[in-house]
Amino acid sequence: MGILLIVIGLVIMTVLAVKGVPILWSALVAGIFVLATSGLNVVEGITTTYMTGFSGYIMNYFLMFVLGAVFGKLCEVSGASDSIAKAVVSKLGEKYVVLAIIVAAAILAFGGVSLFVALFTLYPLGMSLFKQADIPRRLFPGTYIAGAATFAMTAPFTPSTQNIVPMAYLGTTLSSGMVPGIIGSVFCAVVVCIYMQWRVGKVKANGEHFVPLAGEEFGSDDGKDIPNLIIALVPMIILILALNAFGLSVVVGLFVGVIAAVILYWKWLPHTMAAFWKDFSAGAQNGIMSIANTAAVVGFGSIVTATPAFATLAGIVENFAQNGNAYAAAAVSVAAIAGISGSASGGLGIAVPIVADIFLPMGINAEALHRIAVISSSALDSLPHNGFVNTCLQYTHTNHKEAYLDIFVVSVVVTIVETVLVIALFSVMG
């Protein structure tokens, strides 16, 4: 019964979030429900248990979120994101428009640019190209998510939030599980590219065309002065090298990346101090809101771990691991929580501490757990209630009926297969 109440609490949080209630309040309401129905002191549970989890997450990741968001804002304001996107698209041409968008989105995501910034950058360019190639706009959300929110988000070395969160709990690095992780990422990249290119032919054969919206215009900023491709890429390369090749901590690496972006993009940034700090602060504010939302979900997870039912749940998972495949048990645990909460990073924030407590004492390889947790967190997080999925559909003027099938295939079906593949590789490699 206790486990069912935890599940109901997760469902309450999910439903409230889907209905438009901010996750800060959704998580709090769900936490109160779990505390009350588990016979725990509600006031103590919120003021101590919930706030300990909430504040602990912010203490561990505040600078990471803020610096990452500032880095993305600098790429956006300077036009570096535009430069990369346009360069990739111009090389692949009209015949491979969807592949160009996937590659451009992946480069931006792997370079540390947030999903939202990359979406705002690529949508106008993508619609202009979709119009030229006569591709219906309903394929854009699946195309964009295929590039930005699958392999680029979960591959070894990527500075994504998903790849960073497990480090604190497992004592691992961004490159953990490198060989199976790279194989899985390549598999995912190839499959999503083939699928989306096939979809273009399919919809055209069905007689679908690009339909412009009233008053919609693209390409009006073609004359804007932006960095060339090399300058646009250098800060992103410096960030990746700082985190991986030089082994700097995440915060120090991101700080180095921000300084590099300010120096190299300076010519294209606002030239007044007021305007510069306005954009800088806007980026920081985005990071603060992101970490607050994720911390709220983690706070709920802290309440869950304090309930008597959690010990039973942990025992079930541990028994599954001992009598089956520990990697599979970890993957199912992470995927389920990420799916219910509708957030890969939020799901990891709840699940990875649990996974670490159960599996590390059993001698399970931490690097394998890291990579499997990261990949499996993106297997079910993009179900219809996912916040970014809804934002993407709304921003691109499409809906679930028109565009969600492709999102489901590239970010759920393919990622589940990738998770199974990586689990098999780790199992074989020991």
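Predicted model: local features only at pLDDT ≥ 70, side-chain atom pairs only at ≥ 80, totals over all residues.
1. A word to start with: a residue counts as buried when its relative accessible area is under 20%, as exposed when that area is over 50%, and as partly exposed in between (1.4 Å probe, protein chains only). Helices are DSSP runs (H or I, at least four residues), numbered from the N terminus.

2. Residues are numbered from 1 along each chain as its sequence is written, and side-chain values use heavy atoms, with hydrogens and water left out.

3. Setting aside residues up to four places away in sequence, alanine 106 touches Gly147, Ala148, Phe151 and Ala152, where contact means heavy atoms within 4.5 Å. From alanine 106 to valine 192 there are 86 residues in sequence and 12 Å in space, C-alpha to C-alpha.

4. Next, the charged pairs. A salt bridge here is a side-chain nitrogen of Lys or Arg within 4 Å of a carboxyl oxygen of Asp or Glu. How many salt bridges does a search of the whole structure find? It finds 3, and the next three points take them in turn.

5. Lysine 73 and glutamate 76 meet through their side chains in a salt bridge of 3.4 Å, N to O. Both residues belong to helix H3 (residues 42–78), where they are 3 residues apart, about one turn of the helix. An α-helix has 3.6 residues a turn, so residues three or four places apart point the same way. Lysine 73 counts as buried because its relative accessibility is 18%, while glutamate 76 is partly exposed at 25%.

6. Arginine 138 pairs with glutamate 208, and their closest N and O atoms are 2.8 Å apart. Glutamate 208 is partly exposed, with 24% relative accessibility.

7. Aspartate 406 and arginine 199 form a salt bridge through their side chains at 2.7 Å, N to O. Aspartate 406 lies in helix H19 (residues 400–429) and arginine 199 in helix H10, so the pair ties together parts that are 207 residues apart in sequence. Are these two residues buried or exposed? Both aspartate 406 and arginine 199 are buried.

8. Helix H11 deserves a look too. Its 15 residues reach 22 Å from first C-alpha to last, close to the 21 Å expected at 1.5 Å a residue; the expected span is 1.5 Å times one less than the number of residues. Among the buried residues of H11 are Pro235, Met236 and Leu239. The buried residues of H11 pack against H3, helix H4 (80–92), H5 and helix H12 (250–265).

9. Glycine 9, in helix H1 (residues 2–18), counts as buried because its relative accessibility is 0%. Not counting residues up to four places away in sequence, glycine 9 touches Ala30, Phe33, Val34 and Phe300. The C-alpha atoms of glycine 9 and leucine 35 are separated by 9.5 Å, with the two residues 26 apart along the chain. Asparagine 163, in helix H9 (residues 161–170), is likewise buried at 0% relative accessibility. Leaving aside neighbours within four places in sequence, the contacts of asparagine 163 include Phe157, Leu174, His370 and Arg371.

Conventions: Helix = DSSP H or I, 4+ residues; strand = E, 2+ residues; numbered from the N terminus.
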